[in-house]
Amino acid sequence: MVETRIAPRVRVMKAAKIEYGGDKYACTVRDISTTGAALDFADLIRIPDAFTLVLPEDGLKLPCHVVWRRAYRVGVAFD
């Protein structure tokens with residue numbers, strides 16, 4: 001399989017949240033790079049096409065949009 005990502009991703013296991021429209025949902029960042037991340041969710045919830053990813057441990061709030069979806073996992077690109 002040929003890697004097509006612009007930036008290499010680093011595997012992590014970080015607690016995070018997504019925020020949109022006043023709602024907040026917990027998730028886990030499974031891998032991350034300077035351009036995007038893969039997020040896992042414990043429940044099947046309606047994930048919007050765009051939201052803010054909050055990484056409290058790192059003090060980051062990153063606007064992003066969904067580029068792929070699979071059951072409990074979502075891939076995002078940072079805006």
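Mentor: Let us begin with A71, which counts as exposed in this predicted model, since its relative accessibility is 70% and the cut-off for exposed is over 50%.

Trainee: Okay, and where is A71 placed in the chain?

Mentor: A71 sits in the loop between β5, which covers 60-70, and β6, which covers 73-78.

Trainee: What is phi of A71 near?

Mentor: Phi of A71 is near 35°, which is a positive value in a residue other than glycine.

Trainee: Stepping back, how many helices and strands does the protein chain have?

Mentor: The protein chain has zero helices and six strands, and from the N terminus on its elements run β-β-β-β-β-β.

Trainee: Why is the chain said to be as compact as a globular protein of that length?

Mentor: The radius of gyration of the protein chain is 12 Å, close to the 12 Å that the globule rule gives for 79 residues, so the chain is as compact as a globular protein of that length.

Trainee: Let's pick another residue: is D40 buried or exposed?

Mentor: D40 is buried, because its relative accessible area is 16% and buried means under 20%. You will find D40 in strand β3, which is made of residues 36-40.

Trainee: Which side chain does D40 join through a polar contact?

Mentor: The side chains of D40 and R30 are joined by a polar contact of 2.9 Å. Not counting residues up to four places away in sequence, D40 touches R30 along with C27, T28, Y72 and R73.

Trainee: New topic, then: what about V10, and which strand is it in?

Mentor: V10 lies in strand β1, residues 10-20, and once its neighbours within four places in sequence are left aside, V10 is in contact with R30, D31 and I32.

Trainee: And how far from V10 is S33, going by C-alpha atoms?

Mentor: The C-alpha atoms of V10 and S33 are separated by 6.3 Å, although the two residues are 23 residues apart along the chain.

Trainee: Last one: how many positive and negative side chains are there?

Mentor: The protein chain has 12 positive and 10 negative side chains, and the centres of these two sets lie 3 Å apart.

Definitions and conventions. Residues are numbered from 1 along each chain as its sequence is written. This is a predicted model: local features need pLDDT of at least 70, side-chain atom pairs count only at pLDDT 80 or more; totals for chains, interfaces and linings use all residues. Side-chain values use heavy atoms; hydrogens and water are left out. Helices (H or I, at least four residues) and strands (E, at least two) are DSSP runs, numbered from the N terminus. The radius of gyration is taken over C-alpha atoms; the globule rule is 2.2 Å times the number of residues to the power 0.38. Lys and Arg count as positive and Asp and Glu as negative; His and the chain ends are not counted. The place of a charge is taken as NZ of Lys, CZ of Arg, CG of Asp or CD of Glu. Buried means under 20% relative accessible area, exposed over 50%, partly exposed in between (1.4 Å probe, protein chains only). A polar contact is a pair of N or O atoms within 3.5 Å; within protein, one must be able to donate a hydrogen and the other to accept it, and residues adjacent in sequence count only if both atoms are side-chain atoms. Contact means heavy atoms within 4.5 Å.
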